[in-house]
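This report looks at charged and aromatic side chains and at how they pair up. Please keep the sequence and the structure at hand while reading.

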Amino acid sequence: MTWQRLSARTAVVRATWLLPPLGSALLAALASGGNLDARCWILVGSTGLTFAVITLSGLLRLRTTRYRLTADALETRVRLLGSRTRTVPLTRIRYADLTAGPVHRLLGLEVLRVGTAGAGDLVLDALPREEARRLRERLAAQSDGDRTVLSAMNLRWLRYAPLTFWVFGGVGIVVGSAFRLLDQLGLEPWRIPVVARVFTDYGPGALWLAIPLTVLGVAVIGGIGATAVYLENWWRFRLTRSDPETLRVTRGLFTTRSVSMERRLLRGAELAEPLLLRAGGGASVRAVAGGLGDAEEARARSRVLPPAPRAEAVAVATALLGTSPEVALLPHPRAARRRRTTRGLLWAVLPFTVAFLVLAALFGPGWLHGAWAWCAASSAATWWLARDAHRSLGHAIAGPHLMIRSGTFSRDTVALDRSGILAWTLSDSPFSRRAGLASLTAAVAAGRHGYRIPDMAADEAAGFADDAAPGILREFLVPGVTFATSGNPTPHPAPLHPS
Amino acid sequence: MTPLRLRPPRHKADPRARTWWTVQALVVFSGPSLLTALALLVLSALFFPGALPWLAPLTTVVLVLPALAYLLAMPRLRYRVHAWELSTGAVYSASGWFWREQRIAPLSRVQTVDTVRGPIQRAFGLASVTMTTASTAANVTIAGLSSADADEIATRIGAAARLETGDAA
């Protein structure tokens with residue numbers, strides 16, 4: 001293959017970032033009736049200058065970048081004054097992803113991103129669609145043909161969208177950006193007559209009505225927003241497998257994404273059930289896979305199933321693992337629940353109760369109501385959450401997998417390939433030692449790298465680690481029930497076992 | 001099933017490490033805290049003598065006592081905990097002072113070995129050895145080694161890694 005150029009249409013895509021500043025300047029011009037102030041002119045001028053510089057350098061790069069696929073490597077070359085050639089051996093390619101933003105798609109372009117085992121990604125931005133797909137197929141040695149569909153988008157899953165973070169977080173982000181836009185246009189939202197009247201009429205006077213209404217409004221808007229985000233991210237979602245090499249996720253409405261993972265780099269799967277989603281009977285799935293890029297990229301690429309019915313999530317996890325993730329787990333000692341209760345009392349109940357009491361001492365006994373109300377409500381919540389957190393805790397050896405479950409706000413069930421465990425870490429603190437507890441962390445070269453079993457019985461931790469991944473710590477084990485106190489000449493007394 | 005426990009690693013940190021950790025505590029936390037307390041009290045004595053009766057106990061509790069406790073306790077506890085051992089197949093290290101960690105990683109997984117001598121460490125003839133692997137949760141650091149020990153450990157880990165020809169991932 002001879003040296004090829006990137007698509008010339010890319011120049012148009014590169015120019016589209018000009019639209020938002022141009023749009024906001026236009027809006028400002030409309031809002032102020034054509035009388036733009038100095039700040040606005042400076043903005044327009046500097047944007048224009050930056051645009052010229054960036055476009056020129058972008059065009060230069062576009063004209064000078066070449067790529068080619070040889071028998072055993074993908075090469076790129078930038079020839080501008082000097083010349084820079086980069087060669088990626090095909091055997092070193094870990095993934096080849098295609099993405100296309102809305103503008104890319106309008107112009108029939110796709111961005112090819114090639115991840116390697118060593119240095120950063122090699123990005124070809126952008127290629128004509130057919131060329132990109134052909135190249136990806138050859139790079140990843142996989143065909144778009146005979147692929148088994150493991151899971152595909154079902155519109156009924158949209159009901160789980162409002163049960164994600166985006167309900168409240170999304171509204172916050174939108175309101176923040178709206179304020180910033182208004183500020184850039186020189187408008188102060190509380191000066192708008194309608195807003196001001198609503199605020200004076202209903203704001204302070206009727207708090208009992210205003211607060212629930214605001215919460216309801218945020219929930220409704222957030223629900224709609226979350227559904228939109230879900231649709232944009234997961235439209236036409238398909239998880240496919242071509243035996244035995246690769247898994248592939250394709251998804252996206254305006255921006256399409258296609259992520260491939262090699263099965264030989266798969267080290268397990270994770271079933272994620274955040275509190276709200278769990279209450280609604282849903283779950284999502286992440287793959288525990290290596291070679292997905294840096295931590296942030298890996299987090300985004302490892303998602304193989306959006307929030308969906310729990311049964312679907314279990315089925316997808318089963319397909320990834322070969323066995324079902326739903327196995328009986330060993331519970332953790334009751335002391336683990338006491339630790340969680342104590343934490344809640346110490347960090348949620350105590351500080352605000354004290355704060356209310358201080359306020360009562362300073363401004364009058366009215367604040368005492370706040371103190372007892374907070375104390376009662378947060379104590380009840382702590383009791384419930386601690387119980388749930390303790391019930392969530394569990395670990396087990398299930399065939400080829402090590403199972404770990406923990407968390408209450410986000411309950412995660414992880415199944416790790418036992419043969420993929422690289423190292424063990426046993427950790428504790430004076431408090432956990434007194435409770436007879438310790439945490440065990442399994443290290444794998446995939447996903448989050450460290451997977452922790454929090455607060456298991458200290459006496460069982462070392463033996464369990466040796467059973468789960470035999471050989472790693474065998475030679476440092478000795479019989480005895482006392483938890484190791486490394487370097488300490490006086491052995492720690494055997495921890496009490498309340499359970 | 002007889003319960004099993006991890007025995008502590010065989011070798012303790014170098015005794016000079018205690019001094020190193022003390023200096024570290026002084027530089028990082030205790031020194032700045034004590035200086036801040038001193039500055040506050042001197043300024044208050046010079047310009048606001050009326051504030052001393054409540055400022056003195058407050059700075060003592062918030063700044064002076066924690067600084068002294070950290071300075072005295074941290075190096076001792078660390079010295080009790082820190083230990084290491086290198087067997088034919090694995091490296092085993094214990095570290096920490098409040099939160100303790102015992103980590104065991106097989107030598108067959110080693111990717112790189114770094115020996116680090118910081119400016120303070122060098123003054124005491126100490127060094128740390130870090131062994132990295134394909135998983136960040138499997139990287140092992142042994143701190144507070146004598147310089148000679150560190151070199152020997154690095155050589156031995158490096159030799160073990162070279163014997164292993166397979167994919168360390």
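What follows describes salt bridges, then aromatic rings, then charges placed over rings.

## Salt bridges in chain A

The model is predicted. Over all chains, a search of the whole structure finds 26 salt bridges. One of them joins the side chains of A:Arg411 and A:Glu273, at 3.3 Å from N to O. This pair links distant parts of the chain: A:Arg411 belongs to strand S17 (residues 410-417) of chain A and A:Glu273 to strand S12 (residues 266-274) of chain A, 138 residues apart. Both A:Arg411 and A:Glu273 are buried.

A:Arg301 and A:Glu297 also meet in a salt bridge, at 3.5 Å from N to O. Both residues lie in helix H10 (residues 295-301) of chain A, where they are four residues apart, about one turn of the helix. A:Arg301 is buried because its relative accessible area is 8%, and buried means under 20%. A:Glu297, with a relative accessible area of 24%, is partly exposed. Salt bridges can also form a network, as they do among A:Glu270, A:Arg286, A:Asp412 and A:Arg448.

## A salt bridge in chain B

In chain B, B:Arg10 forms a salt bridge with B:Glu85, and their closest N and O atoms are 3.2 Å apart. B:Arg10 lies in the loop between strand S1 (4-6) and strand S2 (11-12) of chain B, while B:Glu85 lies in strand S3 (residues 83-86) of chain B, so the pair ties together parts that are 75 residues apart in sequence.

Which of these two residues is buried, and which is exposed? B:Arg10 counts as exposed, at 59% relative accessibility. B:Glu85 counts as buried, at 7% relative accessibility.

## Aromatic pairs

A pair of aromatic rings is described by the distance of the centres and the angle of the planes. The structure holds eleven aromatic pairs over all chains. In one of them, A:Phe476 and B:Tyr92 are tilted, with 4.7 Å from centre to centre and 50° between the planes. This pair crosses between chains: A:Phe476 is in the loop between helix H15 (458-468) and strand S21 (477-479) of chain A, and B:Tyr92 is in strand S4 (residues 90-95) of chain B. Both A:Phe476 and B:Tyr92 are buried.

Ring pairs also link A:Phe431, B:Phe29, B:Tyr70, B:Trp97, B:Phe98 and B:Trp99 into a cluster.

## Charges over rings

The charged end of A:Arg251 sits over the ring of A:Trp234, 4.3 Å from the ring's centre. In chain B, B:Arg18 lies over the face of B:Tyr79, at 4.3 Å from the ring centre.

Conventions: Residues numbered from 1 in each chain as written. Chains lettered and ligands numbered in written order. Predicted model: local features only at pLDDT ≥ 70, side-chain atom pairs only at ≥ 80, totals over all residues. Heavy atoms only, no water. Salt bridge = Lys/Arg side-chain N within 4 Å of Asp/Glu carboxyl O. Helix = DSSP H or I, 4+ residues; strand = E, 2+ residues; numbered from the N terminus. Buried < 20%, exposed > 50% of the residue type's maximum accessible area, 1.4 Å probe, protein only. Phe/Tyr/Trp six-rings, centres within 6.5 Å; stacked < 30°, edge-to-face > 60°. Lys NZ or Arg CZ within 6 Å of the ring centre and 35° of its normal.
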